[in-house]
Amino acid sequence: MKNFAGKIAVLVVLVLLTGLFFFGAAPGLRAEDTESSKPESPVVALALSSGAAWGLAHIGVIEVLEEHDIDIQIITGTSAGAIVGSLYADGMSTGDMKTEIDKLGWTDFLFPSLNNKGLGFFTTNRIENYLSELYQNENIEDLNLTLAITATDIDTGQPVTFTEGPLARIVSASVAVPVLFDPVDIDDYWLADGGLVRNLPVEEAKVLGADIIIAVDVATGFSFTGRPQGRIEYGNRAYNILRGALQRPEGYDILIEPDLNGLQGFDFEAHEEIINRGRQAAEKSLADIKELIEKASSRNGSQ
């Protein structure tokens, strides 16, 4: 299966097997720091969840928002959401993402770990190298959009959020599924898949000054499709059962949940259908999103 579901696969895919925030870009950033410079137009943020192959639905959501001139200024992402969100924040169009999908195979990312600590079967080096070649910008702070990526601190079990630093390395940390991949060392943190503790990074968007938060959760709108076949599907099933038992964060204004029934979390060959499901879910929320933006614009303009 040669597809972006390929690379964005392992980056997203293997990603699923498996408060305290550190803002690398602005340690000590507070929501009130942004108040004095609020524009008349509301600041809209997109919070993108983890989700393996389902994460490709994020592409469809972004595509619809673009078509309707909804200006996204902040993106927060975890795991699969970190991949799609970072590519978009770096300037890659949704059309280019879909083109890339047809080129790659996710097994290209699997390179045995030679780390003598023996914590993962594979290293994230190939993921990081691939992203480094794909991104136009080296660091998060160089992007035109405000981007926050979350990962999990293996030492403490707490979320770690980066708004500056090496983009490819930070995103590779956000998708580093424990045991499958070695943890990624950044600033003395040992980091793994952000979906372990921060599946939907809503609070991060709020802290960064968003007026309106559109949350996209691709990891809940699915049904189990029979008994899992093989270790990867089994691990993914267990991960989703565990995640389904966790409480979803509050604080978003709009929640988009693509209907992914009948599609497995590793079914990257179904990328066109997954993206289309994202489009359908976004289109259903368009009226509410536009109404929120209009009301917020009116409030800001009257101040």
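Q: What makes β3 and strand β4 (residues 159–162) count as paired, and in which sense, parallel or antiparallel, do they run?
A: In this predicted model, β3 and β4 are joined by four bridges in the antiparallel sense.

Q: What makes β3 and strand β6 (residues 189–192) a pair?
A: Two bridges join β3 to β6, and the strands run antiparallel. The definition requires at least two bridges, so the two between β3 and β6 meet the cut-off. Here T152 stands opposite A192 in β6.

Q: Why is strand β3 (residues 146–153) called mostly covered?
A: A residue is called buried when its relative accessible area is under 20%, and seven of the eight residues of β3 are buried, so the description follows from that cut-off.

Q: Is D69 buried or exposed, and how do you know?
A: The relative accessible area of D69 is 71%, and exposed means over 50%, so D69 is exposed. This residue is found in the loop between α2 (57–67) and β2, and D69 has a phi near 55 degrees, a positive value in a residue other than glycine.

Q: Does S79 count as buried or exposed, and what value decides this?
A: S79 has 0% relative accessibility, and buried means under 20%, so S79 counts as buried. S79 lies in the loop between β2 and α3 (80–89), and although S79 is not a glycine, its phi is positive, about 55 degrees.

Q: Why is D142 called partly exposed?
A: The relative accessibility of D142 is 39%; buried requires under 20% and exposed over 50%, so D142 falls in between and counts as partly exposed. D142 is found in the loop between α5 (125–134) and β3.

Q: What makes the surface patch that includes D142 negative?
A: The patch is formed by E138, E141, D142, E164, D185, D187 and D188, and Asp and Glu count as negative, so the patch is called negative.

Note on methods:
Residues numbered from 1 in each chain as written. Predicted model: local features only at pLDDT ≥ 70, side-chain atom pairs only at ≥ 80, totals over all residues. Heavy atoms only, no water. Buried < 20%, exposed > 50% of the residue type's maximum accessible area, 1.4 Å probe, protein only. Patch = residues over 30% accessible without salt bridge, like charges linked within 9 Å, V, L, I, M, F, W, Y side chains within 5 Å. Areas by Shrake-Rupley, 256 points an atom, 1.4 Å probe, with all protein chains shown as cover. Salt bridge = Lys/Arg side-chain N within 4 Å of Asp/Glu carboxyl O. Charge placed at Lys NZ, Arg CZ, Asp CG, Glu CD.
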